[in-house]
Amino acid sequence: MMYQTLTFLHSTFRWLVLLSLIFSIFRAYKGYFSDKEFSKTDNSVRHWTATIAHIQLVLGITLYSQSPIIKYFWNNFDEAKKSFDLLFFGLIHIFLMLFSIILITIGSSISKRKTTNKEKFKTMLIYYAIALIIIFIAIPWPFSPLANRPYFR
């Protein structure tokens with residue numbers, strides 16, 4: 001029961017991560033190219049995007065530790081690594097997602113400490129956009145050639 005709940009939460013929460021990242025990137029792009037002030041709202045968007053990503057990370061790591069697929073992968077590594085689907089979830093997905101969360105965290109932290117509005121927006125734009133691209137690659141979309149799952153589980 002816990003595994004299904006975690007799978008549902010992780011699958012559903014990804015939409016919040018994607019929406020918050022897209023919204024953050026939009027605000028950063030608009031702010032950077034319009035020479036706007038980095039407002040309290042922009043700072044909140046920066047902060048909440050990182051927070052939502054961290055919540056998803058906790059859900060993902062918990063799911064990873066409970067997953068029968070992952071347990072099989074690590075218990076039968078030599079055989080399992082030959083299956084790209086198992087390799088994707090056992091190693092590729094988690095490493096790409098961890099890397100993207102690290103980028104979001106660093107981008108949020110650096111942006112917060114920059115002194116000019118333009119630097120804050122630019123930092124957020126670059127780090128969050130790279131993280132979003134990596135996340136899009138690492139999500140097992142129904143149409144993905146890497147590994148696929150339904151939009152909602």
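Start by selecting S44, which sits in helix 2. Keep in mind as you look that this is a predicted model. Is S44 buried, partly exposed or exposed? Its relative accessibility is 37%, so S44 counts as partly exposed.

S44 and Y64 are 20 residues apart in sequence, and in space they are 30 Å apart.

Next, go to D35. You'll find D35 in the loop between helix 1 (2-33) and helix 2 (40-66). What is its phi like? D35 has a positive phi, about 50°, even though it is not a glycine. Most residues other than glycine have a negative phi. With 59% relative accessibility, D35 is exposed, because the cut-off for that word is over 50%.

For the last stop, colour helix 3 (residues 68-75) and helix 5 (residues 84-113). At what angle do their axes cross? The axes of helix 3 and helix 5 come within 9 Å and cross at roughly 95°. Angles of 65 to 115 degrees count as roughly perpendicular, so that is how helix 3 and helix 5 lie to each other.

Show the side chains where these two helices meet. On the helix 3 side, pick I69, I70, Y72, F73 and W74. On the helix 5 side, pick L86, L87, F89, G90 and L91. Which kinds of residue make up this contact? Nine are nonpolar, one is polar and none is charged.

Terms used
Residues are numbered from 1 along each chain as its sequence is written. This is a predicted model: local features need pLDDT of at least 70, side-chain atom pairs count only at pLDDT 80 or more; totals for chains, interfaces and linings use all residues. Side-chain values use heavy atoms; hydrogens and water are left out. Axes are lines fitted to C-alpha atoms, for helices over the stretch in contact, and angles run from 0 to 180 degrees between N-to-C directions. Helices (H or I, at least four residues) and strands (E, at least two) are DSSP runs, numbered from the N terminus. Angles under 35 degrees count as roughly parallel, over 145 as roughly antiparallel, 65 to 115 as roughly perpendicular and the rest as oblique. Contact means heavy atoms within 4.5 Å. Ala, Val, Leu, Ile, Met, Phe, Trp, Tyr, Cys and Pro count as nonpolar, Asp, Glu, Lys and Arg as charged, and the others, Gly among them, as polar. Buried means under 20% relative accessible area, exposed over 50%, partly exposed in between (1.4 Å probe, protein chains only).
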